[in-house]
Amino acid sequence: MDKKIPPHKETAFEEINQKFTGNHSQQQCARMLQALRLFKLNTFEASRGLNVYHPPARILQLRQQGYAIDTIWETVEAENGVKHRVGCYVLRPGKNHE
């Protein structure tokens, strides 16, 4: 339960945010998908690191586009020390997975 985003993810998030700018749901989905191609991603990381307003909604949109994404529940600790149960998303290989 680490309350910080790991350094390797922070670096990747910076690059992804520069590549996929804007707040429209399409850009948010693109940021999440790019991150999922690199590593598993939880709701906490998506909202704070990728500026995704409602990560579960973006995951639903990606699933509707045909991406196979599993949800694994985990507990993370926020900056204020409060523990939260959040979804951790994993992109499975499939027809849309590059």
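Reader: Which residue forms a salt bridge with Asp70?

Author: First, the general idea: a salt bridge is a side-chain nitrogen of Lys or Arg within 4 Å of a carboxyl oxygen of Asp or Glu. Here, Asp70 pairs with Arg92, with the closest N and O atoms 2.9 Å apart. This is a predicted model, where local features need pLDDT of at least 70, side-chain atom pairs count only at pLDDT 80 or more, and totals for chains, interfaces and linings use all residues. Residues are numbered from 1 along each chain as its sequence is written, and side-chain values use heavy atoms, leaving out hydrogens and water.

Reader: How many salt bridges does a search of the whole structure find?

Author: The search turns up 3. In another one, Lys9 meets Glu45, their closest N and O atoms being 3.0 Å apart. That pair links distant parts of the chain, 36 residues apart: Lys9 sits in helix 1 (residues 7–19) and Glu45 in helix 3 (residues 43–49). Helices (H or I, at least four residues) are DSSP runs, as are strands (E, at least two), numbered from the N terminus.

Reader: Is Lys9 buried or exposed?

Author: Buried means under 20% relative accessible area, exposed over 50%, and partly exposed in between (1.4 Å probe, protein chains only). Lys9 is buried, and Glu45 is too.

Reader: What about Glu79 and Arg48?

Author: Their side chains form a salt bridge at 3.1 Å, N to O. Glu79 is exposed, at 52% relative accessible area, while Arg48 is partly exposed at 41%.
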